[in-house]
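Please read the following explanation alongside the sequence and the coordinates.

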Amino acid sequence: MVEIPDIALFDVVMMKKEHPCSKRSRYFQIMRVGADIKIKCLGCGKVMMLSRDTFNHKLKKVVSHSEKEVPTGTV
Ligand SMILES: [Zn+2]
C-alpha cells in the first residue's frame, strides 16, 4: 500500500523543485485528485498531471487549503 499524503482539491502545496517557467514558482494548487493528481503552477498557470507516486516524491508540504481556484500570479 502506497502512503498517500492528506491532500484535497484546491490545496496549495509547495514542491521540492521550482517550476522551470519564468516565474520559478514552487507553489502549485491541486486541481484534481484521483488516480492521478492534476496541479497548476501558481506562477504561470500551467496545469500538469502527475501520478500519485511522482506527486508524493515531489511534494514538500501542503501550505494551505482554499475553497476555490486561486488566480495565478498571486504567490
Ligand atoms: Zn510555472
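Leu9 lies in the segment before strand 1. The model is a predicted one, in which local features need pLDDT of at least 70 and side-chain atom pairs count only at pLDDT 80 or more, while totals for chains, interfaces and linings use all residues. Residue numbers start from 1 along each chain as its sequence is written.

Leu9 counts as partly exposed because it has 15 C-beta neighbours inside 10 Å. The scale behind this label calls a residue buried if 20 or more other C-beta atoms lie within 10 Å of its own, exposed if 12 or fewer, and partly exposed in between, with C-beta atoms placed from the backbone. Leaving aside neighbours within four places in sequence, Leu9 is in contact with Ile30 and Val33. Contact means that the C-beta atoms of two residues, placed from the backbone, lie within 7 Å. Between Leu9 and Gly34 there are 9.9 Å from C-alpha to C-alpha, at a sequence separation of 25 residues.

Phe10 is also found in the segment before strand 1. Its phi is positive, about 75°, although Phe10 is not a glycine. Phe10 is partly exposed, since 16 other C-beta atoms lie within 10 Å.

Strand 1 covers residues 11-15 and runs antiparallel to strand 5, residues 59-65, with five bridges joining the two. Strands are said to pair if DSSP finds at least two bridges between them. Along this pairing, Met15 has Leu59 as its bridge partner in strand 5, and Val13 has Val62. Strand 1 also pairs with strand 2, residues 27-33, in the antiparallel sense over three bridges. There Val13 stands opposite Phe28. In general, strands of a sheet pair through backbone hydrogen bonds, either parallel or antiparallel.

The loop between strand 1 and strand 2 contains Arg24. Arg24 has a positive phi of about 50°, although it is not a glycine. Is Arg24 buried or exposed? Arg24 is exposed, because 12 other C-beta atoms lie within 10 Å. Apart from neighbours within four places in sequence, Arg24 is in contact with Glu18, His19 and Gly43. The C-alpha atoms of Arg24 and Ala8 are separated by 24 Å, and the two residues are 16 residues apart along the chain.

Further along, strand 3 and strand 4 form a hairpin with five residues between them. Gly45 in the turn has a positive phi of about 85°. One of the paired positions is Asp36, whose bridge partner in strand 4 is Ser51.

The largest nonpolar core has nine residues: Val13, Tyr27, Phe28, Ile30, Ile37, Ile39, Cys41, Leu42 and Phe55. Such a core is a set of buried Ala, Val, Leu, Ile, Met, Phe, Trp, Tyr and Cys residues joined through C-beta atoms within 7 Å. Strand 2 and strand 3 (36-41) each supply at least two residues of this core. Cys41, one of the core residues, is in contact with His19, Cys21, Ser25, Phe28 and Lys46, leaving aside its neighbours within four places in sequence.

For the chain as a whole, there are one helix and five strands, which follow the pattern β-β-β-β-α-β along the sequence. The radius of gyration is 11 Å, close to the 11 Å that the globule rule gives for 75 residues, so the protein is as compact as a globular protein of that length. The radius is taken over C-alpha atoms, and the rule is 2.2 Å times the number of residues to the power 0.38. Along the principal axes, the C-alpha atoms fill a box of roughly 35 × 25 × 20 Å. Buried residues make up 19% of the 75 residues. Of the contacts with a separation of 6 or more, 47% are between residues 24 or more positions apart.

Methods. Helix = DSSP H or I, 4+ residues; strand = E, 2+ residues; numbered from the N terminus.
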